[in-house]
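Let's take a walk through this protein chain together. Have the sequence and the model open as you read.

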Amino acid sequence: MQGTIACHACDLLVDVSELKTGQRASCPRCGHSLTRIRKDAHSKVLAYSVAALIALVTANAFPFLSFASSGLESVMTLPQTPAMLWGNGLPMVAILVAAFIIYIPATVLVLLILLCMPLRGERWRPWLKPVGRWVFTLQSWSMVEVFIIGVIVSLVKIMKMATVTMGLSFWGYVFFAILFTMAIAALDKYQMWQEIEALEEQRG
Ligand SMILES: [Zn+2]
C-alpha cells in the first residue's frame, strides 16, 4: 500500500499513500480507476452477523438457567426474564430489558446483513444509507455485555442459596454476545460510507 501509482490512461503519478482498506483511488486528471484496496470486511461482518443471529435464536429456545433448592427445581428461559419482570409489576423495565437484550441486538444484526450483502456484492440498494445510519444509532442501545455481566453478578449471589445450572441457552447467549461484538468491531464506519457513496455514484 505504498507510494504512487501511475495512471494507466494518462501516466499521471497519483499519491495513494493515504489510501486505506476499502477506499478506491481514481485519477484526478482523467478519472481512470487506479486501485481499490479490498479486504473481506463485509464478508466478515456478514459471517459474524449470521452466526450471531443463529446463536440468539438458540439462546431463546432452550433453558437459560435452572435453579435447584431443597428438592425443588425451576427452569428459566431467556424470554421469561422480561415476562417475570412484567408479572412482578414492572412493565416498563420488562419492555426495556426485552429491547436491550433481545430485540435491539436482533434488529442491528438484521440491518447489518441488509447492509453487507449488497456491499459485498457491490450492488446499490436504496436502503443502504438509512440502514447504515440506523446500524450506528442502534448499536449504542444494545446492552449485550451489560446483561451478561449482570447475569454473572446475580449468579454469584444466587449460588449461595441454590444450585444453579447454566443451560444451553446461557452458553448460546454468551456465544451470541461475542459474535455480536465481533460483527460490530469488524464494521468500519468510514469504509462503509466510502463504499456506499461509491456505489451511489456508480449508479448515477
Ligand atoms: Zn489519468
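A word on the ground rules before we start. This is a predicted model, in which local features need pLDDT of at least 70 and side-chain atom pairs count only at pLDDT 80 or more, while totals for chains, interfaces and linings use all residues. Residues are numbered from 1 along each chain as its sequence is written, and side-chain values use heavy atoms, with hydrogens and water left out.

Start with the big picture. The chain is split into domain 1 (1-38) and domain 2 (39-203), with bounds that come from an automatic or database domain assignment. Taken over C-alpha atoms, the centres of domain 1 and domain 2 are 39 Å apart.

Now look inside. In soluble globular proteins, nonpolar side chains tend to be buried together. A nonpolar core here is a set of buried Ala, Val, Leu, Ile, Met, Phe, Trp, Tyr and Cys residues joined through side-chain atoms within 4.5 Å. Buried means under 20% relative accessible area, exposed means over 50%, and partly exposed is in between (1.4 Å probe, protein chains only). The largest such core has 49 residues, and Phe64, Leu112, Leu115, Tyr173, Phe176 and Leu187 have the most contacts inside it. Which elements each supply at least two residues of this core? They are helix H1 (41-61), strand S5 (63-69), helix H3 (91-120), H4, helix H5 (144-158), helix H6 (168-186) and H7. H3 gives the most, with 13 residues. (Helices, H or I of at least four residues, and strands, E of at least two, are DSSP runs numbered from the N terminus.) Apart from this core lies another one of seven residues, including Cys7, Leu19, Cys27 and Leu34.

Next, zoom in on H3 and H4. Two packed helices are described by the angle between their axes and the distance between the axes. For H3 and H4, the angle is about 145° and the axes are 9 Å apart; axes are lines fitted to C-alpha atoms, for helices over the stretch in contact, and angles run from 0 to 180 degrees between N-to-C directions. Among the residues making the contact are Leu111, Leu112 and Leu115 of H3, and Leu128, Val131 and Trp134 of H4. Contact means heavy atoms within 4.5 Å. Leu115 is worth a click: leaving aside residues up to four places away in sequence, Leu115 touches Leu128, Val131, Gly132, Val135, Leu187, Met192 and Ile196.

How many salt bridges are there? The count is two, where a salt bridge is a side-chain nitrogen of Lys or Arg within 4 Å of a carboxyl oxygen of Asp or Glu. One joins Glu200 and Lys129 at 2.9 Å, N to O. That pair links distant parts of the chain, with Glu200 in helix H7 (residues 189-203) and Lys129 in helix H4 (residues 128-139), 71 residues apart. The other joins Glu200 and Arg203 at 4.0 Å, N to O, and both of these lie in H7, three residues apart, about one turn of the helix. Shared partners join Lys129, Glu200 and Arg203 into one network. Glu200 is partly exposed at 24% relative accessibility, Lys129 is partly exposed at 21%, and Arg203 is exposed at 51%.

Finally, the loops. Asp11 has a positive phi of about 65° although it is not a glycine. Asp11 sits in the loop between strand S1 (4-6) and strand S2 (13-15), and is exposed at 62%. Glu122, also not a glycine, has a positive phi of about 55°. Glu122 is in the loop between H3 and H4 and is partly exposed at 30%.
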